[in-house]
Amino acid sequence: MTFHIKSAPGDPTFTGTLSNDGKTMSGNFTQGPGAFPFKFSRTGDPKVETVKSSPAVAKQFAGTWEGTLQASQSLRLMLKLSNDDTGAKGVLTSLEQGGIELPVSSISQKDSKLTLNVKMVSGEFEGEINKAGSELNGIWSQGGGSFPLTLVKKP
């Protein structure tokens, strides 16, 4: 088995072999010029949490949004929201961190207000769209902190 950590510096890669009993995987982890042996051990039954479909969002919320989060460091973020036949989908990309893409776990909209939950980083955005439909103004919450965040819709 081989997997890569997408968009991380040094192209981190693990290549390994699953044991016959399926309880361990041994191999090598490489990142940049470094390499070292690495072993995973199963500690319990697999738990896979599937992302539940979110209800579709109003048309003015769909599209690409960009903004800068001023927290402990300045992070440019890009949010892509879309609807398909199963509901709303979203991806939050941290442009300053090598384009790391974070799936939006849940999306809810009530009138002009939008709430996004990003479980991968235990973050949440609560915002409101302006009358022109060009900005989402709100608060990003993560790790006990809350930070203002304005996302501007890209044409």
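Which residue in β13 is the bridge partner of E135? The bridge partner of E135 in β13 is V152.

## Basis of the model

The model is predicted: local features require pLDDT of at least 70, side-chain atom pairs count only at pLDDT 80 or more, and totals for chains, interfaces and linings use all residues. Residues are numbered from 1 along each chain as its sequence is written, and side-chain values use heavy atoms, with hydrogens and water left out.

Strands are DSSP runs of E with at least two residues, numbered from the N terminus. Two strands count as paired if DSSP finds at least two bridges between them.

## Strand β13 and its partners

Strand β12 (residues 135–142) runs antiparallel to β13, and 8 bridges join them. The hairpin of β12 and β13 has 2 residues between the strands, and G143 adopts a positive phi near 60° there.

Strand β13 (residues 145–153) also pairs with strand β5 (residues 63–70), in the antiparallel sense, over 2 bridges. Here W65 lies opposite K153 of β13.

## Strand β11 and its hairpins

Strand β10 (residues 113–118) is joined to β11 by 6 bridges in an antiparallel arrangement, with L114 opposite G127. Their hairpin has 4 residues between the strands, and S122 takes a positive phi near 50°.

On its other listed pairing, β11 meets β12 in the antiparallel sense over 7 bridges; E124 stands opposite S141 in β12. In this hairpin, 5 residues separate the strands and G133 has a positive phi near 75°.

## Faces of β11

Strand β11 (residues 123–129) has a covered face formed by G123, F125, G127 and I129. Its uncovered face carries E124, E126 and E128.

Terms used. Buried means under 20% relative accessible area, exposed over 50%, partly exposed in between (1.4 Å probe, protein chains only).
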